[in-house]
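Work through the exercises below with the sequence and the model open. Each task is followed by a solution in steps.

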Amino acid sequence: MIFEFQCPTCGLALQQHQASQGFYCANKHHFDRHEQGYWVFTPPQRQKPTGDSRQQVRAKRFLLESGIFSPLIDKMAMMILSLQKEELSLLDYECAEGFYLRALSAKLSELTDGVNVHYSGVADAENAIFAAAKAQTPGILCLSTSKVLPFADNSIDLVTVIDKPLKGKESVRVLKEQGVILLVVPGPRHLWQLKEYIYPDLTEKSLQINLPSELSIQETQTLSFNLTVSGEQALTLLDMTPYAWRATDKMKHDIQVRHFELLEIDFVLVLAQKSSNGAKSLKSNS
């Protein structure tokens, strides 16, 4: 197994029991493989029992798998190939139900047979990681808090952080020296027509991304396109944002009954390399 695992309880190296496929450390902390195929690295008392509801997980998966974000998958795949690695380990940080792992795996396999990618993903909600495993998402899937990842220091070549905040420094800790984080961040115009329902005095602001000091920005690219979606699909997209809780029942109803011809999608993609002299932030007006 290409991945090196570390006990999230005590920090010692983890060994794998071949018969059960579970992991254990010298301090006798055990982490079992669920019958669905993922590994449980979170103590039962710390597990989120649900996270998104099953209905929400299904709605997000159905919408994403309709191909609406195909331009994003294409762009990410090309940026990964630009690293010119023959073999790499990839961790999708907070992978949810695994859509991006499945989509990237399919796209990279389609574009080239010269890159051997080993996939892994972590999610802290059991509903999500269960759905990822059931959908036959490739790689090592882990139920784990993002605050204490079950991977060894300096052991991962590439970490993807997609449409989620980069929390703490765990993703940097597990990244190899000269390893890379691919960060996908909503740009200033992302879902603009939905934001207009929620923020009465909406104004466009420049984007600022704060990065840990160990990360040095290597490349940034922007990706903007328009979608035609139903009101139900728009609500699902809204549900993926950190500001969805601000939407009142009336706002949701108004969105639901509308058809969106030109809903703006706006992403900024950042490749940042682990090094001792990093750039702490990125500002963009695009």
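Buried means under 20% relative accessible area, exposed over 50%, and partly exposed in between (1.4 Å probe, protein chains only). Helices (H or I, at least four residues) and strands (E, at least two) are DSSP runs, numbered from the N terminus. The model is predicted: local features need pLDDT of at least 70 and side-chain atom pairs pLDDT 80 or more, while totals for chains, interfaces and linings use all residues. Residues are numbered from 1 along each chain as its sequence is written, and side-chain values use heavy atoms, without hydrogens and water.

**Exercise 1.** Find the buried residues of helix H7 (residues 231–239) and what covers them.

Step 1. Gly231, Ala234, Leu235, Thr236, Leu237 and Leu238 are the buried residues of H7.
Step 2. Their cover includes helices H1 (54–64), H6 (192–198) and H8 (249–256), as well as strands S11 (215–229) and S12 (260–274).

**Exercise 2.** Describe how H7 and H8 pack.

Step 1. The axes (lines fitted to C-alpha atoms over the stretch in contact; angles from 0 to 180 degrees between N-to-C directions) are 7 Å apart, at an angle of about 135°.
Step 2. H7 and H8 are therefore oblique to each other; angles under 35 degrees count as roughly parallel, over 145 as roughly antiparallel, 65 to 115 as roughly perpendicular and the rest as oblique.
Step 3. In the contact (heavy atoms within 4.5 Å), H7 supplies Gly231, Glu232, Ala234, Leu235 and Leu238, and H8 supplies Lys252, Ile255 and Gln256.
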